[in-house]
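Here is a friendly walk through a few features that can be read from a structure. Let us look at it together.

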Amino acid sequence: PSAGVEGAGNRLRNRVLLAGLITLGCLFLLVWFFAPVIAQGRLARRQRDQADRVLRHLGEGVLLVDGAGIVRLWNPSAEAITGLDAADLQGRPADEVIPGWAELRERIPVGDRASAATVPFGGLWLSISGTRFSDGAVYAFRDLTEERRLEQMRSDFVATVSHELRT
């Protein structure tokens, strides 16, 4: 009888060992097959983080509007230039939250090789260019108010000097 008990114990131990080895083999295969997917996810996350850092430190304001006209991105430089808070804009229609956006949008050239347009915006002069892509449009802008003021001063000075020379 003890030989029968030992034989049954050995068979049971062998079954448990075989089940454990099969489980470990399946787990190894899962890790083997999903390792590239995990690595690709890490790479995509690293690229998103890098793009986020670039947008946060870029000197130009960046506005991303999706196809439905909803503000999806308003970077810190855009906040600094315009004084409009990103938390108040993101996730809401651009026409409602950006003062005069409907009129501005019509004046901004948008395309593959868009040139910048200088437009007034709440007491500022902004140079804005836009690029359309599959999910909407991206607008980059910078403040030209100081340059416009200096140009106006230069123009006034030249006009004054010219007038004085004629008289």
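Q: Which strands form a hairpin with 2 residues between them?

A: Helices (H or I, at least four residues) and strands (E, at least two) are DSSP runs, numbered from the N terminus. Here S4 and S5 form the hairpin. Before we go on: this is a predicted model, where local features need pLDDT of at least 70 and side-chain atom pairs count only at pLDDT 80 or more, while totals for chains, interfaces and linings use all residues. Residues are numbered from 1 along each chain as its sequence is written, and side-chain values use heavy atoms, with hydrogens and water left out.

Q: How many bridges join strand S4 to S5?

A: Two strands pair if DSSP finds at least two bridges between them. Strand S4 (residues 124-133) and S5 are joined by 8 bridges and run antiparallel. Within this pairing, threonine 131 stands opposite valine 138 in S5. Strand S5 (residues 136-143) also pairs with strand S1 (residues 61-66), in the antiparallel sense, over 6 bridges. There, alanine 137 in S5 is the bridge partner of valine 65.

Q: How many salt bridges does a search of the whole structure find?

A: A salt bridge is a side-chain nitrogen of Lys or Arg within 4 Å of a carboxyl oxygen of Asp or Glu. The search finds 6. In one of them, the side chains of aspartate 52 and arginine 56 meet at 3.3 Å, N to O. Both residues lie in helix H1, 4 residues apart, about one turn of the helix.

Q: Which residues are linked with Arg105 in a network of salt bridges?

A: Asp95 and Glu106 are linked with Arg105 in this network. The side chains of arginine 105 and aspartate 95 meet at 2.7 Å, N to O. That pair links distant parts of the chain, with arginine 105 in helix H5 (residues 101-107) and aspartate 95 in helix H4 (residues 94-97), 10 residues apart. Arginine 105 also forms a salt bridge with glutamate 106, where the closest N and O atoms are 3.9 Å apart.

Q: Is glutamate 106 buried or exposed?

A: Buried means under 20% relative accessible area, exposed over 50%, and partly exposed in between (1.4 Å probe, protein chains only). Glutamate 106 counts as exposed because its relative accessibility is 62%. Arginine 105, at 31%, counts as partly exposed, and aspartate 95 is partly exposed at 43%.

Q: Where does serine 155 lie?

A: Serine 155 is in helix H6 (residues 145-166). With 37% relative accessibility, serine 155 counts as partly exposed.
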